[in-house]
Amino acid sequence: MTTKSITDIIHQQEGMYVTKGFEIGTLNQEETLEEFKNNAENCQFLPTDNLSELIHPNQLHGLSIHQLEQIAHQIREKHLQTVATTGGHLGPGLGVVELTLALYQTLDLDRDKVVWDVGHQAYPHKMLTGRYNSFHTLRQKDGIAGYLKRCESKFDHFGAGHASTSISAALGMAVARDLKGENFKTVAVIGDGALTGGMALEAINHAGHLPKTNLLVVLNDNEMSISANVGALSRYLNKIRLSSPVQFLKDNLKEQLRNIPLVGESLTPEMERLQEGIKRLAVPKVGAVFEELGFTYIGPVDGHNLEELIATFQQAHTIQGPVLVHVATVKGKGYAIAEQDKVGYHAQSSFNLITGKAIPSSKPKPPSYSKVFAETLIKLAQNNPKIVAITAAMSTGTGLDKFQAKLPQQYIDVGIAEQHAVTLAAGMATEGMRPVAAIYSTFLQRAFDQIIHDVCIQNLPVFFCLDRAGIVGADGPTHQGMYDIAYLRCIPNMVLMAPKDEAELQQMLVTGVNYTEGPIAMRYPRGNGYGIPLMEEGWETLPIGKGEILRHGGDVLMVAFGSMVYPAMQAAQILSDGGIEATVVNARFAKPIDPDLIAPLAQQIGGVVTLEEGCLMGGFGSAVAETLLDCGVVVPVKRMGVPDQLVEHATPAESMAALGLTPPQIAERIRIEIHQHISELQLALS
């Protein structure tokens, strides 16, 4: 079989496919072009420094530092242009461009496996693994996902949207490799923020117990998670990064060694090892901590020096057992605005690249639920020193950065440690404090056992505030807040509520901080409210477990929860225009539910529709159906929500339409159901 290499896609003739940037063998008639291109065994890739031509990361092999720097520039340019248009995570990916290039030049990605923690930092990885030309579809419906997805690319070896999982996954791959007698490298790339997660520390503890298991952990240390890191581990890493001896040795050791007679310009392998040994003597206690845990520690390494990174990774690959390479990077590297505001530019909606400012909407929007939550909680806490706001490294996302600025003594950030946050709150509650744990719905899943074991079994008055409940949009399945209704309402002693709008959120905040009989949770959506006037003070608590009737009608009963109340009202108006009148109930509570309100209405009207922005299995609709059965009311119940499927990345509006949850769709589904029900009744009566 002959192969050819040319400089452009020209033609296909005589069984040969001729393409730019790599050599390729004979194209079988049975193979599609895409199948052939993906068959790495038939492809002998030639290096290329044009990112648009790079379809396989092994094409980085053999490139010079200058060529890699050109690719780094292209990655940052594409990264910035795309995120400025589509929105997405900006700072993390910009900071790991050189790290990714250097690592991939030292690996064979047809065999070796890299696990990226979270996925925030994996945009360069996506561009280097055949997705550069489609990267403009980032986070768009049917486009490139914002996180790693195994079904999207064979190079996405492990999917992740939550932090601190990479070392466990990579270690699992390494253990499986050894059990099968195979030989490939496994690498986990984890940020210093994710290293504060207990799961990462558990994995390090286990890996250190396996001295013959080869595993490389690359610590991407940019001094940040989303916000600035907190905790003792962060302080220790700072000691390493900022240690004067380390800085001096990094800058001067090689030059001093070259001045030694007989050493000269080139350092022998022995002298390289001497350099590293002397350098490690200067590393303060954190390096020793990793060493004591069974890892060979190397670093800190300049995360933007390609030559140093490549040499370090090559050295790390030769060491037996677990190795940790500590790489110091700059979050937002290459975009001065993001470098200066690492928190604000961790993630961005569409923005102007020149000014860095968000592109304003065509008309002013009401305040977000997160903003209303934070500002109301501040006012409550100013009058009640027992209220303490707790976040797990999400101060900006939950709005609690504003709370911290006003009431720092009543604010706690535990880092990426949701389990600890919940049990910490439980401990505070035993001492009469009013802990308010503001955690995204998707992240509170990580502390499910602590909610049951440490809070609910002991019936402690912890107030959980679940931001981003329901459909969140472009972040996709790992971040959709789909499951909190189902996973909270099944736990004894838990109260669960959801506001229909931002004004009711204020009332529920007051209700939550004043509820002392046990745990209580409030879920609320991402995004803006409805522009309902807010009260500055004088809020009243809501009666626990009581709903309200918003509209009367005799044809169908619509029972809606939280963010689906207003769509229910809009659907009811559409139905009314067609001659069908609906009663609409704002349930307010999924647990306890209001049987005294719902059961008689259901019995009287004869048909019930439930609406929720969450999973149907075990969700709010299930709670209504169970309540009616318990009350002996047997009527048709139609549940509308998210069926047993993953909700992929798209805009919230696109997702709602795909799920049939827009007001016109709701109205049409109800109209069809009612028509069918009436026809069945008429048939039964005849």
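Predicted model: local features only at pLDDT ≥ 70, side-chain atom pairs only at ≥ 80, totals over all residues.

Trainee: Where does aspartate 192 sit?
Mentor: In the loop between strand E7 (186-191) and helix H7 (198-207). Aspartate 192 has 3% relative accessibility, so it counts as buried.

Trainee: And asparagine 222, buried or exposed?
Mentor: Buried, with a relative accessible area of 7%. Asparagine 222 lies in the loop between strand E8 (215-221) and helix H8 (232-242).

Trainee: What does asparagine 222 contact, beyond four places in sequence?
Mentor: Asp192, Thr329 and Lys331.

Trainee: Back to the longer list. Where is alanine 194?
Mentor: Alanine 194 is in the loop between E7 and H7. Its relative accessibility is 7%, which means buried. Leaving out residues up to four places away in sequence, alanine 194 touches Asp117, Ala163, Ser164, Ala200 and Ile416.

Trainee: Which helix holds glutamate 418?
Mentor: Helix H17, residues 418-430. Glutamate 418 is buried, at 6% relative accessible area. Not counting residues up to four places away, glutamate 418 touches Ala392, Ile439, Phe443, Arg446 and Ala447.

Trainee: Which E14 residues point which way?
Mentor: Arg434, Val436, Ala438 and Tyr440 go one way. Pro435, Ala437 and Ile439 go the other. In a regular strand the side chains alternate between the two faces of the sheet.

Trainee: Which strands pair with E14?
Mentor: Strand E12 (residues 387-391) pairs with E14 in the parallel sense, over four bridges. Valine 388 stands opposite proline 435 there. Strand E15 (residues 463-467) also pairs with E14 in the parallel sense, over five bridges. In E15, cysteine 465 is the bridge partner of alanine 438.

Trainee: New topic. How many aromatic pairs?
Mentor: The count is eight. One of them joins phenylalanine 290 and tyrosine 297: centres 6.0 Å apart, planes at 0°, so stacked. Both of these residues are buried.

Trainee: What about tyrosine 530 and tyrosine 566?
Mentor: Also a stacked pair, 4.0 Å centre to centre with 15° between the planes. Tyrosine 530 is in the loop between strand E17 (520-523) and strand E18 (548-551), and tyrosine 566 is in helix H22 (residues 565-577), so the pair ties together parts 36 residues apart in sequence.

Trainee: Why do tyrosine 530 and tyrosine 566 count as partly exposed?
Mentor: Buried stops at under 20% and exposed starts at over 50%. Tyrosine 530 has 38% relative accessibility, so it counts as partly exposed. Tyrosine 566 has 22%, so it counts as partly exposed too.

Trainee: Last one. Which lysines sit over rings?
Mentor: Among them, lysine 78 lies over the face of tyrosine 132, at 4.9 Å from the ring centre. The charged end of lysine 113 is over the ring of phenylalanine 184, 5.1 Å from its centre.

Notes: Residues numbered from 1 in each chain as written. Heavy atoms only, no water. Helix = DSSP H or I, 4+ residues; strand = E, 2+ residues; numbered from the N terminus. Buried < 20%, exposed > 50% of the residue type's maximum accessible area, 1.4 Å probe, protein only. Contact = heavy atoms within 4.5 Å. Phe/Tyr/Trp six-rings, centres within 6.5 Å; stacked < 30°, edge-to-face > 60°. Lys NZ or Arg CZ within 6 Å of the ring centre and 35° of its normal. Pairing = 2+ DSSP bridges.
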